[in-house]
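Morning, everyone. I have one model to show today, and I'll keep it brief. Let me put it on the screen.

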Amino acid sequence: MTQDEQNLNLLSVFHYVLGGITALFSCFPFLHLAMGIAMLSGKFDGENAPPEFFAWFFVLFPAVLILCGWALSALMIVAGVKLKKRTSRVFCLVVAGLECMFMPFGTVLGVFTIIMLMKDSVKELFEAKNTLETVEG
């Protein structure tokens with residue numbers, strides 16, 4: 001196994017780990033979602049009850065954050081699988097670019113993944129895998 005193959009395998013493991021961490025941290029807005037649902041169901045009724053649009057803000061905004069976080073974590077895990085199989089290099093590059101938004105671990109992983117995928121020897125690994133699949137399929 002070459003050094004590039006070892007590095008790609010290591011990057012795939014790090015994508016699995018970061019995908020799991022991202023999924024976990026994406027669950028934190030559930031606290032705000034519960035508060036918004038409680039506001040809508042009337043648990044905060046009284047003289048100083050918050051307006052209804054405020055409650056909807058506490059429902060919709062966390063729901064969007066949770067779904068986006070889970071989608072991103074799924075993309076990271078799929079990118080890890082594709083790195084391991086040496087397929088879909090462009091997909092892995094796009095996911096690596098998205099990971100760069102998340103400081104500090106996502107940025108480090110994204111940059112290292114981009115650097116690795118831009119090497120000519122790694123491009124050849126992905127192309128060799130794609131040609132092998134084309135010939136077999």
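**Starting from valine 122**

Leave aside residues up to four places away in sequence, and valine 122 touches Asp4, Leu8, Met116 and Leu117. Keep those names in mind. One caution before I go on: this is a predicted model.

Now the overall layout. The chain has six helices and zero strands. Along the sequence the pattern reads α-α-α-α-α-α.

How does the radius of gyration of the chain compare with that of a compact globule of 137 residues? The globule would come near 14 Å, but the chain has 21 Å. The principal axes give the dimensions: the C-alpha trace spans about 70 × 35 × 20 Å. Of the 137 residues, 32% count as buried.

What about contacts along the chain? Take those with a separation of 6 or more: residues 24 or more positions apart account for 65% of them.

Next, the core. In soluble globular proteins, nonpolar side chains tend to be buried together. Here the largest nonpolar core has 15 residues. Leu8, Leu83, Leu117, Val122 and Phe126 have the most contacts inside it. H3 provides the largest share, four residues.

On to helix H1, residues 3-25. At 1.5 Å a residue, its 23 residues should span 33 Å; the end C-alpha atoms are 33 Å apart, so the two agree. Its buried residues are Asp4, Leu8, Asn9, Leu11, Ser12, His15, Leu18, Gly19 and Thr22. Remember the general rule: an α-helix has 3.6 residues a turn, so residues three or four places apart point the same way.

That brings me to aspartate 4. How many salt bridges does the structure hold? One. It joins the side chains of aspartate 4 and lysine 119, at 2.9 Å, N to O. The pair links distant parts of the chain, 115 residues apart. Aspartate 4 is in helix H1, and lysine 119 is in the loop between helix H5 (105-117) and helix H6 (120-136).

Are the two partners buried or exposed? Aspartate 4 has a relative accessible area of 11%, so it is buried. Lysine 119, at 34%, is partly exposed.

That's all from me.

Conventions: Residues numbered from 1 in each chain as written. Predicted model: local features only at pLDDT ≥ 70, side-chain atom pairs only at ≥ 80, totals over all residues. Heavy atoms only, no water. Helix = DSSP H or I, 4+ residues; strand = E, 2+ residues; numbered from the N terminus. Expected span 1.5 Å × (residues − 1). Buried < 20%, exposed > 50% of the residue type's maximum accessible area, 1.4 Å probe, protein only. Salt bridge = Lys/Arg side-chain N within 4 Å of Asp/Glu carboxyl O. Rg over C-alpha atoms; globule rule 2.2 N^0.38 Å. Contact = heavy atoms within 4.5 Å. Core = buried A, V, L, I, M, F, W, Y, C linked by side-chain atoms within 4.5 Å.
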